[in-house]
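Here are some notes for a colleague who is opening this structure for the first time. Please keep the sequence and the model side by side while reading the points below.

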Amino acid sequence: MTESPAPGALRAHLDRALGDLYVLEHELGGAGMSRVFVARELALGRQVVLKVLPPDLAAGLNVERFRREIQLAAGLQHPHVVPVLSAGSADGMPYYAMPLVEGESLRARLARDGALPTGDAVRVLHDVADALAYAHARGIVHRDVKPDNVLLSGMHALVTDFGVAKALRTAFDPRAELETTAGTGAGLAIGTPAYMAPEQAAADPGVDHRADLYAFGVLAYETLTGAPPFHRRPPAEILTAHLAETPEPVDRRAPGVPPALAALVMRCLAKRPEDRPADAAERRDVVAAAVTPGAGTTGAGTTADAAPPRARPRRRVALVATAFGLVAAAATVLGLYRTRERPLDAQVVAVAPFRVTGSDPSLRYLREGMLDLLAATLTGEGGPRSADPRAVLSAWRRAARADAGEDADLPR
């Protein structure tokens, strides 16, 4: 693998390679795998953002395939999409240019202020859903939807880096032109663990636009509550959580979120792609309905009867779903406190924690991680189903500590 030059050396390298096209002004910092610079385009005298893949990551990449895929993304022209202006190679380092958007990223806003007020959050989410609906209708999947790739400019949100993940995937591995997985033939993970859909984390070759719907759900969850569903966990644990854990409901973390919007976010976070909303356009419409009078937010001088015709059925669905959820929760709680012995179910199996030998501490996550991964695959469809892995782990710990003391080799 080619060693990446020091920051100053890379800047000088780019100055020499791009001097006929751009004048680099300053570096904005890294964005995932790329280095990001503000530059002045000499031909038109405008400021642009240049994203450059440094040599250590560009090694083995097919520049022509990268440029071809980027050209597909460059065809997106939408008010909430940051367009790709051009793409090329600077002395073996692939780059692409985008307009300089005045404002800040959603990541920066969340880091500074925490959860957005509901009105601001709804406006941002509507714009992001609108951008995704437009791109999906044209066969382009983002594959890395996250707050870092949403730019806030005035009253609007714009999604950036459309098609870049697919371009990198295809440029590293020619077989990927027929695939849509998150990894690359060069061993790089294209995507961000905190926002990966279960099928993307599992490298399912059938990943499609519904992975963006899941990532949108994670982004919406964070925008409304101030933190993503599985916050402050190591990346490996986050991936297993996306595969096996149900996030805490949005409205439990942020009670002021309109019910229809909270229900939409949790639908987007469904583990199975087919259980998520049909498409981004449906999400956009539900988000828009969330701010109409009578759809869960306050409005001066309005009543439920004044809501648009489509808003009322959605409220009824949300109320029915909430009522069903309360009944299910009550039944679960009652079941936990019932003491009479129930007959065993021959189709239910318990996956026990794994023992990991050796001295490498980086492998410890496999003890609990493999439990979650295996439990997630035993769904009961055509075979056994797994008992709740959290309940199994808790019981296993109690039994082991009773027999062997606190030093039992179990996940803690």
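Predicted model: local features only at pLDDT ≥ 70, side-chain atom pairs only at ≥ 80, totals over all residues.

1. As an overview, the protein chain comes to 15 helices and ten strands, and of its 412 residues 43% count as buried. The chain exposes about 20600 Å², of which carbon and sulfur atoms supply 56%. Among contacts between residues at least 6 apart in sequence, 60% join residues that are at least 24 apart.

2. Helix α4, which covers residues 106–113, has Leu 106, Arg 109 and Leu 110 as its buried residues. Seen down the axis of α4, these buried residues fall within an arc of 95°, so they line one face of the helix.

3. Against what do the buried residues of α4 pack? Their partners are β6 (104–105), α5, β7 (150–153) and α8. After α4 comes Gly 114, which has a positive phi, near 75°.

4. Two of those partners, α5 (residues 118–137) and α8 (residues 210–225), also pack against each other, at an angle of about 170° and with their axes 10 Å apart. That angle makes α5 roughly antiparallel to α8, because angles over 145 degrees are counted that way. From α5, the residues Ala 121, Leu 125, Val 128, Ala 129, Leu 132 and His 136 take part, and they meet Asp 212, Leu 213, Phe 216, Leu 219, Ala 220, Thr 223 and Leu 224 of α8. By type, the residues of this contact divide into ten nonpolar, two polar and one charged.

5. Two residues other than glycine deserve a look for their backbone angles. Asp 161, in the loop between β8 (156–159) and α6 (164–172), has a positive phi of about 70°, and Arg 232, in the loop between α8 and α9 (235–244), has a phi near 60°. Are these residues buried or exposed? Asp 161 counts as buried, at 10% relative accessibility, whereas Arg 232 is exposed, with a relative accessible area of 78%.

6. The loop between β8 and α6 also holds Gly 163, which is buried, with a relative accessible area of 6%. Leaving aside residues up to four places away in sequence, Gly 163 touches Ala 73, Ile 140 and Val 141. Gly 163 and Ile 70 are 93 residues apart in sequence, and yet their C-alpha atoms are 6.4 Å apart in space.

7. Not counting residues up to four places away in sequence, Leu 21 touches Arg 40, Glu 41, Leu 42 and Tyr 95. From Leu 21 to Leu 44 the separation is 23 residues in sequence and 9.9 Å in space, C-alpha to C-alpha.

Note on methods. Residues numbered from 1 in each chain as written. Heavy atoms only, no water. Axes fitted to C-alpha atoms, helices over the stretch in contact; angles between N-to-C directions. Helix = DSSP H or I, 4+ residues; strand = E, 2+ residues; numbered from the N terminus. Parallel < 35°, antiparallel > 145°, perpendicular 65-115°, else oblique. Contact = heavy atoms within 4.5 Å. Nonpolar A, V, L, I, M, F, W, Y, C, P; charged D, E, K, R; others polar. Buried < 20%, exposed > 50% of the residue type's maximum accessible area, 1.4 Å probe, protein only. Areas by Shrake-Rupley, 256 points an atom, 1.4 Å probe, with all protein chains shown as cover. Arc of directions from axis to C-beta.
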